[in-house]
Amino acid sequence: MRTVLKRTSNTALKKTSSTAKPRVQPAVIERPGTWHLARTETERRLSDFEFGLERLAQAYYRWKAACLAAVCDVPLTGDDVAVLNVVRMGDEPKRLSEIAQLLNRVDVPNLQYATRKLVRSGLIETEGSSSRKETRYRATATGRSVTEAYAALRAATLPPMLEALDGWAAKTETTSVHLDLISSLYAQAAQVAITRRHQP
């Protein structure tokens, strides 16, 4: 991927004598010292939300890796743990496409790498067709034991903390709905951005 990017950049530099120019966007009046992602009050609020989202995501994936490391010697990232838990979900074998859909992932090569890593570690195994698209993944006996230990540690750690938060239980469902809605808005915004890229 890096080679392709370098080749593309070199080609672009040969075609133009200066560096690539960004597409012109509508001008926004900025206050002195403002950040380019927070030029208006709405953008500031969005930036605050996105920073919160970034910190939540990083903390969440670090937590998953730490929780798994406490019950298993296999070094896994938070992403790997997410794949493992989804494979174990419902104790039903799943295709790679199903795993991707459940995790809202489109980076198939990274998912393939994660599943291969989990297979090599003995936590999941393949079954079914030799075709990559039809191959299903399921947890091994070791994988089930590890995920059970993970679930037990999670149950002993997070729920007591969350229950100590005022009104957390009542807000959980609303928060989940809002997160799903915001996720769909970002997906829609990505489609708009891709479309804009191909406009003159």
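Tyrosine 60 is partly exposed, with 42% relative accessible area, and tyrosine 61, at 30%, is partly exposed too. Keep in mind that this is a predicted model.

These two tyrosines pair up edge-to-face. A search of the whole structure turns up 2 aromatic pairs, and here is how they look side by side:

| Pair | Centre to centre | Angle between planes | Type |
|---|---|---|---|
| Tryptophan 35 and phenylalanine 51 | 5.6 Å | 40 degrees | tilted |
| Tyrosine 60 and tyrosine 61 | 5.4 Å | 75 degrees | edge-to-face |

Why is the pair of tryptophan 35 and phenylalanine 51 called tilted? Its planes are at 40 degrees, and the tilted class takes what is left once angles under 30 degrees go to stacked and those over 60 to edge-to-face. This pair links distant parts of the chain: tryptophan 35 is in the loop between helix 1 (2–15) and helix 2 (41–71), while phenylalanine 51 is in helix 2, 16 residues apart. Tryptophan 35 is partly exposed at 37% relative accessibility, and phenylalanine 51 is partly exposed at 43%.

Back at tyrosine 61, there's a charge to look at: lysine 64 has its charged end over the tyrosine 61 ring, 4.1 Å from the ring centre.

Now for the nonpolar side. The largest nonpolar core holds 20 residues, and Leu68, Val83, Ile99 and Leu118 have the most contacts inside it. Setting aside neighbours within four places in sequence, valine 83 touches Ile99, Leu103, Leu111, Ala114, Thr115 and Leu118.

Conventions: Residues are numbered from 1 along each chain as its sequence is written. This is a predicted model: local features need pLDDT of at least 70, side-chain atom pairs count only at pLDDT 80 or more; totals for chains, interfaces and linings use all residues. Side-chain values use heavy atoms; hydrogens and water are left out. Rings of Phe, Tyr and Trp (its six-membered ring) pair if their centres lie within 6.5 Å; planes under 30 degrees apart count as stacked, over 60 as edge-to-face and the rest as tilted. Helices (H or I, at least four residues) and strands (E, at least two) are DSSP runs, numbered from the N terminus. Buried means under 20% relative accessible area, exposed over 50%, partly exposed in between (1.4 Å probe, protein chains only). A charge sits over a ring if NZ of Lys or CZ of Arg is within 6 Å of the ring centre and within 35 degrees of the ring normal. A nonpolar core is a set of buried Ala, Val, Leu, Ile, Met, Phe, Trp, Tyr and Cys residues joined through side-chain atoms within 4.5 Å. Contact means heavy atoms within 4.5 Å.
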